[in-house]
Amino acid sequence: MFGDEFVEGAESFLYADIGTAWTRAVLVDQVEGRYQFVARGEARTTLEYPTANIVAGVQEAVREVERASSRALLITDSEGDSRVLLPEDEDGDGVDAFLVTTSAFRPLKLVVFSTELPPAARAALSVLHALYTEIVGTFTVPDRENGRWGEHSVADLFQTVDRERPDIMLFVAFGETEPTPGVEHFLHVLQALNNLYDVRQRPTVVIVAQNTLVSHMVAQIETMNPVERVVVAGEEDAGDVRHPLAEVMEKLLHERRLARMPGFGALQAWSETPVQPTAVAQARTIGLLAGQLRRRLVFVDVGGEHSHLVMADAGLVSSIVRPGLGIGFRLQELLERVGPEAIFRWVPGLLPERELAGLLVHRSWYPLVPPATRDALWLEQAAGRAVLQELVAEPFRHLPESFSGANGHLTCDYIIGAGGVIQGAPEPGQALLLLLDALQPTGIVHMMRDRLGLVPALGVLSQTEPEAVADLLAQHVLESLGTVVVVSGPIQSGKEVLQFRMIHPDGATYTVTVEGGRLYREYLEPGLRLELELRPARKVDVGLGPGQPVRIQVPGGTVGLVIDARGRPLPWPDSLAEQRRQVQEWLFDVGG
Amino acid sequence: MESFRTHVPEEVIVSPCVRVRRERMLKALGQLFVRIGQFVHPHDVVAKGPERTAVRLVDVAEEFKLKPKAALKTILVEPGQNVKEQEPLARQSGLFRRKELLAPVSGRVMEIDAQGRVVLQVMVEGETLRAGLQGKVINLMPRYGVVIESVGAFVQGVWGNGRSHVGILRLLVSAPDEMVSPEQFDVSVRGNIVVVGRTASAEVLEAAARARVHGLIMASLRPELLEVAERQDYAVVLTEGVVGTAIAAPIFDILRRHNGHEAVVHAAFHPARPRLRPDILIPLQVEDAPLFRPGRPLEAGDVVRLLAPPLLGKVGKVRDPWAGLGVLESGVEAQGCEVELPDGSLHFVPFHALERLSGAETLEAEGGSEV
């Protein structure tokens with residue numbers, strides 16, 4: 001539903017993303033017939049007292065863009081209210097289109113009720129994870145005499161709903177064509193659950209079932225609750241439910257969260273394009289890129305309050321938003337959940353753990369404060385690693401076949417990082433190592449970062465202005481960090497695991513012997529490509545199988561070429577002090 | 001195009017005399033319990049939301065120590081049935097005596113599950129809205145909320161343990177970076193709001209509880225002691241956070257000036273709401289106190305507290321409110337201003353690495369060390 005109404009033929013556009021902590025604005029314009037990045041600005045998100053209106057943050061970020069570009073983008077009316085000047089005028093002020101994405105809202109709380117589901121149906125429900133939902137309970141509709149709702153009793157169900165007050169009750173039944181006693185029991189219980197809500201705030205019931213069952217249930221429910229329906233043909237077509245279910249959930253996300261943000265109405269009135277959830281737009285961009293490149297892409301975004309993982313290849317787009325996982329005010333919770341060692345091992349230097357703990361809590365109370373010292377920067381990046389590891393822990397346990405490499409570790413062609421901690425890393429080597437440490441891919445992978453925060457904008461643009469997307473990608477709106485060759489297999493520290501030969505375009509060659517346990521970096525500028533010959537030792541794998549040599553063309557980047565011979569999983573010395581010393585060496589190796 | 005460069009900073013009120021107004025709003029329409037002109041204390045209930053329904057479980061199997069199937073046979077009520085408080089829900093007949101399980105509250109039986117649990121739908125009290133500060137009600141929003149105005153010396157902190165109390169302000173330290181020992185908490189501090197300087201140990205927190213103080217005010221507390229502070233019945237306010245080494249001079253100066261006066265501590269805090277700050281009010285009978293208005297752009301001469309190491313906790317004055325783009329030691333680039341510290345040194349400080357101490361007049365605490 002989102003993103004279908006962009007003004008076609010727009011020559012310039014202003015894009016704003018409203019996050020939980022920051023609101024960022026980016027100006028893109030056509031120069032000599034090609035779309036180019038012009039300027040960006042950022043400001044605090046203004047959801048809280050004393051402003052309590054998202055418009056103020058957007059205006060401030062746009063003013064930053066105005067200052068940077070010397071171009072008027074806001075117009076103030078007689079009542080003193082400023083809005084984006086649309087369309088672009090003869091003087092070159094204003095823009096033709098204004099696009100907005102946001103993630104500054106609470107997740108939708110959801111309880112899932114289902115009959116026994118086939119695997120395809122369970123897989124189809126994974127679409128829920130892409131849409132800022134928090135599944136607070138999963139109950140199997142009882143169809144046997146014991147009255148149990150899966151692993152739970154009806155009392156557990158009542159307690160869950162009382163505690164969480166979910167926004168949505170999702171009912172899923174693929175095989176049933178007629179109302180079973182279990183379905184009737186669900187309807188009866190729903191009536192009782194409604195008593196826990198104010199009449200105007202009752203949850204929306206989303207029914208995913210075959211037509212006859214949907215009709216029966218809607219007739220029973222529609223006088224009590226708002227209802228949405230997704231009709232399925234039968235169990236064998238369970239996979240087809242993904243798209244219609246995603247549409248319904250997007251609609252509910254819009255109604256129950258986006259449209260209720262203070263100032264949303266005013267902001268929406270400026271733009272002909274619906275305000276979109278950031279993760280939806282990001283996933284669309286990554287899916288588009290994977291399709292165009294015919295490559296496997298992994299995208300990660302570390303936000304203030306939500307984090308996002310997308311895995312996409314030519315036939316798959318898997319998007320998972322983890323609400324409540326970020327490097328904003330929830331850092332203190334993360335520290336309690338994963339333990340200090342999981343974060344502090346990534347902090348080089350000698351700052352005592354007690355001080356690190358204090359600084360981390362301080363940062364969670366003041367998430368907008370930029371890291372001023374090296375220690376503060378290391379700590380922020382350590383927290384970024386811990387957040388990413390939490391984000392991928394579960395999805396990487398069950399990787400899709402095409403993303404599953406040596407010993408079940410991730411393998412892919414591109415990794416793209418986003419979010420303040422990655423975008424804002426002052427040295428590209430820091431961003432690259434953060435992604436490499438947290439995701440621990442195998443094989444040969446090209447690393448990038450969304451330095452300008454334009455990935456969601458590209459997703460919005462892609463539906464109507466594909467040439468704008470192509471132009472922007474062509475001029476490197478994504479910063480190429482470099483190519484990483486990961487050596488995996490039986491790796492012993494100090495023993496030779498790989499020889500690689502770099503063949504430059506002018507014919508010059510350069511051969512390096514790689515020892516296990518080390519990281520190597522070779523400068524290779526962005527835009528350059530060189531031929532690389534890799535000869536791994538016996539049983540050692542660089543992505544094509546143990547001992548298999550390979551000769552490939554690799555693109556450069558702001559870091560260049562990195563050979564990661566540390567092993568998978570990463571080997572750690574015993575003591576925390578040694579681990580921190582080890583991390584210091586790794587950072588040094590990649591120019592962090 | 002607007003080219004005038006300003007920045008509106010985060011701010012906390014640290015004022016020797018100010019008029020502060022606060023809205024207190026219900027989440028749903030309810031009932032107000034105050035009238036315009038009424039004087040309220042932080043703990044006073046100013047409004048209540050509507051009653052709401054909730055679930056209460058009565059576990060018959062657990063209470064009678066029976067297996068679920070046996071427990072189900074003892075249950076006397078059915079789904080849909082209304083029950084009154086103390087009405088029997090289940091009865092176990094034995095050879096010599098009979099045990100009854102009574103409804104803990106009036107309600108309606110929603111369900112009885114297979115585990116022998118009765119699910120009761122009960123009515124519970126709605127949201128209770130407290131004044132949160134001491135002052136006068138100056139406006140009412142019918143069925144929705146109130147505006148309260150306070151006049152006095154007002155100090156906002158960084159973290160609080162959620163408690164509110166009134167008591168006599170008592171300084172146990174003579175400088176903002178001093179520390180106290182548990183032995184200093186004797187009967188003489190009972191009911192007081194005690195200023196303890198730099199920080200407190202676990203022993204001091206416990207000693208304060210034994211002495212029945214009403215509040216502790218200190219610069220900082222180690223992260224692992226936050227939980228201990230949260231457990232206390234008295235109010236705890238940290239003026240600097242978890243890494244400060246002294247109470248900021250303008251704050252200490254106000255506390256010192258009002259040593260022995262009545263103070264109201266409202267130790268509010270929520271990590272997701274950074275602008276919900278704990279506060280300390282020393283009420284004053286003043287007619288012409290200036291009204292605090294948030295949102296003023298940063299100006300030269302503003303007193304600010306710095307929030308990022310290596311200057312974390314330092315208090316200084318803004319010399320140039322727009323110093324442009326600077327590169328920090330970490331390599332990060334940020335827009336910022338120029339701040340002068342009491343020792344005369346000048347520093348580039350990113351806008352988001354400072355907060356204005358609105359109303360603060362001094363940079364150094366009298367009798368105390370520089371902070």
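Analyst: Two strands pair if DSSP finds at least two bridges between them. Strands (E, at least two residues) and helices (H or I, at least four) are DSSP runs, numbered from the N terminus. The model is predicted: local features need pLDDT of at least 70, side-chain atom pairs count only at pLDDT 80 or more, and totals for chains, interfaces and linings use all residues. Residues are numbered from 1 along each chain as its sequence is written, chains are lettered from A and ligands numbered from 1 in the order written, and side-chain values use heavy atoms, without hydrogens and water.

User: In which sense do β9 and β10 of chain B pair?

Analyst: Antiparallel, over four bridges. β9 covers residues 107–112 and β10 covers 117–124. B:Glu111 has B:Val119 of β10(B) as its bridge partner.

User: What is the strand order in the open sheet?

Analyst: Four strands of chain B run β5-β10-β9-β6, with antiparallel pairing. β5 (52–59) and β6 (82–83) of chain B are the edges, each pairing on one side only.

User: Which helix packs on the sheet?

Analyst: α3 of chain A, residues 154–164. This helix touches β5, β9 and β10 of chain B (contact: heavy atoms within 4.5 Å).

User: Where does the second largest pocket lie?

Analyst: A pocket is an open set of points on a 1 Å grid over the protein atoms alone, where a 1.4 Å probe fits, with protein on both sides within 12 Å along at least five of seven lines; lining residues have an atom within 4 Å of a point. Here, domain 2 (108–256) and domain 3 (279–589) of chain A both line the pocket, so it lies between them. The bounds come from an automatic or database domain assignment. β15(A) gives the largest share of the lining, six residues.

Note on methods. Axes fitted to C-alpha atoms, helices over the stretch in contact; angles between N-to-C directions.
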